[in-house]
Amino acid sequence: MSNPSLLILAGDGIGPEVMTEVRRVIDWYGDKRDLKFDVSEDLVGGAAYDKHGTPLTDETMAKAQAVDAVLLGAVGGPKYDNLDFSVKPERGLLRLRKEMDLFSNLRPAQCFDALADFSSLKRDVVAGLDIVIVRELTSGIYFGEPRGIFKEGNERVGINTQRYTESEIDRVARSAFELARKRGNKVCSMEKANVMESGILWREVVQKVHDEDYPDVELSHMYADAGAMQLCRWPKQFDVIVTDNLFGDLLSDAAAMLTGSLGMLPSASLGAPMANGRPKALYEPVHGSAPDIAGQGKANPIACILSFAMALRYSFDQGDEATRLENAVEKVLADGLRTADLIGEEGVQPVSTREMGDAILAALDESL
Ligand code: NAD
């Protein structure tokens, strides 16, 4: 059987720096765990624009469609700010998400013990937190028609439409239940069924998918406003939260920031299963290209490394190896290593991107 395939699109700014450390982790798995990947690399964002005049070529798009998973660094930077909208670096990423039809966006909020004091919430509320928000990514109010700013009598009116079909709700619900089965086996679905018809349909379809195909998973429903409150009050009550595009946008940002630095946050965007049963998938850190620190060896590679851990778990059925990698990250943080973005305490000297990578590899070695 051939090795699973990975396309690496490092992108711009700190993207290539953090991705270099991920490459070393991937190589470690090949050498030490006999878990080999066929890795190819290509350009995206400003780097692709510089070479080809477009932020994503058709050839790269075709490669992304063909591999088992795509791992992306970050795109963008001040150099490209004045480009025409159609060729801005971000368009490359949007094209990938759209053409791969990545409807299920997984945003974990995981709080490593050593960083619990970075949260704006009390330590005991966030220490050990490990939840995932599944946000529907390709429909809902950001896409529904009619939309626009129209003239109505003497004034203008701004309109957006919340619209969900049963099949759109069905597929994202399935993705949340599948995810829950690989984790704590619990899903909380959030909408506003009290005031929105789309919320009523959302709740009905999620319940139906559950009853027919996932009765073993514990399901609860919550209004999204109450959900926001509960996320701040006691987030550890959740395992997987599934919600629509708009509520997911808000709730996932809030939940992610419970845990501290942007340099720590991974994400996954999943689509329909391919012929081999694996979902189409793109993994990327939540952060951008950080032009303010690019090229200085200061970037925290952990968000990108944890994105690869998500790939191990969700694309390659290597949950134990994903846990090994997360434990290695946990260990280096517990040992006190900090990149500059994680420096809170006085007197702690920051380590470089490479030194953080070295320490994670050493912790992986120790785990054997
Ligand atoms: P950013 O995430 O790049 O940076 C915000 C702040 O966080 C900066 O101070 C940066 O130094 C810091 N930071 C981010 N990641 C870090 C890391 N791994 N380690 C240490 N510090 C880190 O957001 P921004 O400054 O708003 O945007 C910069 C560029 O990135 C823009 O061109 C923007 O369009 C682009 N962007 C791209 C993506 C993406 O590729 N998915 C996401 C957001 C922003």
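**Close-up views of a predicted model**

**View 1. Asp225 and its polar contact with Lys192.** The side chains of Asp225 and Lys192 are joined by a polar contact of 3.1 Å. The model shown in this and the following views is predicted. Asp225 belongs to helix 8. Its relative accessibility is 45%, so Asp225 is classed as partly exposed, the limits of that class being 20% and 50%.

**View 2. The positions annotated as "binding site".** An unreviewed UniProt entry lists Asp225, Asp249 and Asp253 under "binding site". These residues are spread over 29 residues of sequence, yet they cluster in space, with a largest C-alpha distance of 14.4 Å. Asp225 is located in helix 8, whereas Asp249 is located in helix 9. Asp249 has a relative accessibility of 22% and therefore counts as partly exposed. Leaving aside residues up to four places away in sequence, Asp249 touches Arg135 and Tyr142.

**View 3. Helix 9 and its buried side.** Helix 9 comprises the 13 residues 245–257. From its first C-alpha to its last it reaches 18 Å, close to the 18 Å expected at 1.5 Å a residue. Asn245, Phe247, Gly248, Leu251, Ser252, Ala255 and Ala256 are the buried residues in helix 9. They lie on the same side of helix 9 because they cover an arc of only 140° around the axis. In an α-helix there are 3.6 residues a turn, so residues three or four places apart point the same way. The buried residues of helix 9 pack against strand 4 (104–110), strand 5 (130–136), strand 8 (186–191), helix 8 (224–233) and strand 10 (240–243).

**View 4. The start of helix 9.** Here a side-chain oxygen of Asp244 comes to within 3.1 Å of the backbone nitrogen of Leu246.

View 5. Ser189 is placed in strand 8, one of the elements against which the buried residues of helix 9 pack. The relative accessible area of Ser189 is 0%, and the residue is therefore buried. Not counting residues up to four places away in sequence, Ser189 touches Trp202, Val206, Leu219, Ser220, His221, Met222 and Val242.

**View 6. The aromatic pair of Phe37 and Phe308.** The structure holds 7 aromatic pairs. One of them, formed by Phe37 and Phe308, is edge-to-face, at 5.8 Å centre to centre and with 75° between the planes. This pair links distant parts of the chain, 271 residues apart: Phe37 lies in the loop between helix 1 (15–32) and strand 2 (38–42), and Phe308 lies in helix 10 (residues 302–314). Phe37 is buried, with a relative accessible area of 11%; Phe308 is also buried, with a value of 0%.

**View 7. The aromatic pair of Tyr164 and Trp202.** The ring centres of Tyr164 and Trp202 are 5.3 Å apart and their planes stand at 75°, so this pair is edge-to-face. Tyr164 sits in the loop between strand 7 (155–161) and helix 6 (166–181), and Trp202 sits in helix 7 (residues 197–213); the pair thus links distant parts of the chain, 38 residues apart. Both Tyr164 and Trp202 are buried. Trp202 is also among the residues that Ser189 touches.

**View 8. An aromatic cluster that includes Phe37 and Phe308.** One aromatic cluster is formed by Trp28, Tyr29, Phe37, Phe308 and Phe316. Within it, the rings of Phe37 and Phe308 form the edge-to-face pair of View 6.

Note on methods:
Residues numbered from 1 in each chain as written. Predicted model: local features only at pLDDT ≥ 70, side-chain atom pairs only at ≥ 80, totals over all residues. Heavy atoms only, no water. Helix = DSSP H or I, 4+ residues; strand = E, 2+ residues; numbered from the N terminus. Expected span 1.5 Å × (residues − 1). Buried < 20%, exposed > 50% of the residue type's maximum accessible area, 1.4 Å probe, protein only. Arc of directions from axis to C-beta. Contact = heavy atoms within 4.5 Å. Polar contact = N/O pair within 3.5 Å; in protein donor to acceptor, adjacent residues only side chain to side chain. Phe/Tyr/Trp six-rings, centres within 6.5 Å; stacked < 30°, edge-to-face > 60°. UniProt positions renumbered as here; feature names shortened; annotations may be inferred.
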